[in-house]
Amino acid sequence: MKYRFIEDLTSDVMFESYGSNLKELFENSAEALFSVICDIDKIKPREKIEFKFKGKTLQETLYKFLSYLLAESEINEVFLCKFDVEITESKQGYAGKVVAKGEKITPEKGGTVVKGITNYKFKVEKNEKYKATVVCDI
C-alpha cells in the first residue's frame, strides 16, 4: 500500500503514506497529496518542474517537500502525477531533489483545493517501513 486516507477530520484531509525507503516515502506522499488536488489517474506527464529541498530532520524535510510541491504546482499552474525523488542523509540533515511531471490545470480534472500542509498531527515514523501522517488544510 502506498497511502491511505484517514476519516477523522471534517475540515481537513488526512492521509498516511508509506515507503520501504525515503525515496518511496516521499514519492508516495506526493502522490497522495495530488490525489486530493486532482484526478491523478487522468493527468498526463507533459510538463516538468524540478527543485531542491532540505531540512534538519526527516519530518521537517518532508513537510518542506510537500509544501514546495504545492507551491510549485500553483505557481506553474500544473496538476502533478509523476514524482522522481532523490534524497540523502548527512550530518547536517536531509537534502533532496525532485523531478515532478504533470499537465496544465483544467477544471474538469480538478479535485479539492489544498491551501497548505499543516503541522497538526504531522509526523514521520520508522519501524519496518517509513510511515508519514499528513494533514492538508482544505
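This is a predicted model: local features need pLDDT of at least 70, side-chain atom pairs count only at pLDDT 80 or more; totals for chains, interfaces and linings use all residues.
## The largest pocket

Which residues line the largest pocket? They are Lys 2, Glu 27, Asn 28, Glu 31, Ile 40, Asp 41, Ile 43, Cys 81, Lys 82 and Phe 83. Two elements, α1 and β4 (78-90), each give two or more residues to this lining. The volume of the largest pocket comes to about 200 Å³.

## Helix α1

Helix α1 runs over residues 22-37. You can check its length yourself: at 1.5 Å a residue, its 16 residues should span 22 Å, and the end C-alpha atoms lie 23 Å apart, which agrees.

What caps the N-terminal end of α1? Asn 21 does, with a side-chain oxygen 3.2 Å from the backbone nitrogen of Lys 23. Is α1 mostly covered or mostly uncovered? It is mostly covered, since 13 of its 16 residues are buried.

## Ser 73 in helix α2

Now move to helix α2 (residues 58-76), where you will find Ser 73. Its relative accessible area is 4%. Buried means under 20%, so Ser 73 counts as buried.

Which residues does Ser 73 touch, apart from its neighbours within four places in sequence? Ser 73 is in contact with Phe 34, Ile 49, Val 78, Leu 80 and Ile 105. One of these contacts, Phe 34, brings us back to α1, which covers residues 22-37.

Conventions. Residues are numbered from 1 along each chain as its sequence is written. Side-chain values use heavy atoms; hydrogens and water are left out. Helices (H or I, at least four residues) and strands (E, at least two) are DSSP runs, numbered from the N terminus. The expected span of a helix is 1.5 Å times one less than its number of residues. Buried means under 20% relative accessible area, exposed over 50%, partly exposed in between (1.4 Å probe, protein chains only). A polar contact is a pair of N or O atoms within 3.5 Å; within protein, one must be able to donate a hydrogen and the other to accept it, and residues adjacent in sequence count only if both atoms are side-chain atoms. On a 1 Å grid over the protein atoms alone, a cavity is a set of points where a 1.4 Å probe fits but cannot get out, and a pocket is an open set with protein on both sides within 12 Å along at least five of seven lines; lining residues have an atom within 4 Å of a point. Grid points are joined across faces, edges and corners, and a volume is the space filled by probe spheres set on the points. Contact means heavy atoms within 4.5 Å.
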